[in-house]
Amino acid sequence: MSTTGATADPLAALGALPGVAESVESVRKAVDRVYGHRVMRRRSNEITSEAALRGARGSAALSGADWGLEEVRRRTDFSGDDGARTVGAALRLTAEAGQLLSIWRQSPLRVLARLHLVAAAADDPRVGRPRQDGEPVDEPLVELPLPGASEVAGRLEGLAELIIAGGSAPALVTAAVVHGELLALRPFGSHNGLVARAAHRIVLVGSGLDPKAICSAEVGHAELGAAAYVAALDGYVSGTPEGMAAWIAHCGKAVELGVRESTAVCEALQRGAA
């Protein structure tokens, strides 16, 4: 995303694209409904914990480790094969995201570096810093052309400036742009998808749209499927108004599906208490 141009608030300008306002309103109504559920008044911590587990499972699935929910719930050792390490990374990121909310608006690049450190969990000088030219990137789901290191650095700085400056853009729009930029740039040598989805979560929670982290967009993205995810990302990378709006709408649909999942959890708990 270009962060230069005539408008002083390009994120707010995206909110004015055709169809985006409708997506924003639909998400807001869905979030309001689940927060109004009677179970949320008494057992919100349980909903938050379950949403975190399901969100981590969904994010890992998009990164190639499509485990069943009960397997994720049961497993204690995530140091085995690549799939186990991916699920472990997703779980660690979900837990870490909540600890970084206060830092995000002041230093988003610091948060991104921390997320990558947590995901990679490796003693490697390349971990926790943007990649340099010539360094490989392991991100098989996203096969778009890889921007050079100087472009990555410039666009990350521009994104950070927008976040620090704040503005009037809806949380869904900001989260979608953060998510899309990180996938397009793939600034780290690994785990970019997991980091992008964790950053999306941070924006939604930190904005106040989803303060209890119960509306896991990762669940929705996994349900919509990798092919739809990549196709929507292509729209974002195109930079056209239609493509950008389609990506934001896709992210909105993912949030709504996450809301549906947490609503089902609320209903299950309510039946159990009846």
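**Salt bridges, helix by helix**

Author: Asp32 and Arg28 sit 4 residues apart in helix H2 (residues 20-35), so about one helical turn separates them. Helices here are DSSP runs of H or I with at least four residues, numbered from the N terminus. The model is predicted: local features need pLDDT of at least 70, side-chain atom pairs count only at pLDDT 80 or more, and totals for chains, interfaces and linings use all residues. Residues are numbered from 1 along each chain as its sequence is written, and side-chain values use heavy atoms, with hydrogens and water left out.

Asp32 and Arg28 form a salt bridge, at 2.7 Å from N to O. The term means a side-chain nitrogen of Lys or Arg within 4 Å of a carboxyl oxygen of Asp or Glu. The whole structure holds 18 of them. Asp32 is partly exposed, at 43% relative accessible area. Arg28 is partly exposed too, at 36%. The cut-offs: buried is under 20%, exposed is over 50%, partly exposed is in between (1.4 Å probe, protein chains only).

Next, a pair across two helices. Arg54 and Glu261 meet at 2.8 Å, N to O. Arg54 lies in helix H3 (residues 38-62) and Glu261 in helix H13 (residues 241-273), so this bridge ties together parts 207 residues apart in sequence. Glu261 is partly exposed, at 26%.

Glu96 pairs with Arg114, their closest N and O atoms 2.9 Å apart. Glu96 belongs to helix H5 (residues 82-97) and Arg114 to helix H7 (residues 108-120), so the link joins parts 18 residues apart in sequence. Glu96 is buried, at 17%. Arg114 is partly exposed, at 37%. Shared partners also build one network: Glu50, Arg54, Glu70, Arg73 and Glu261.

A pocket is an open set of points on a 1 Å grid over the protein atoms alone, where a 1.4 Å probe fits, with protein on both sides within 12 Å along at least five of seven lines; lining residues have an atom within 4 Å of a point. Of the 21 lining residues, Ser63, Asp82, Thr86, Asp138 and His191 are closest to the centre. H5, H7 and helix H10 (192-206) each give two or more residues to the lining. H5 gives the most, with 5.
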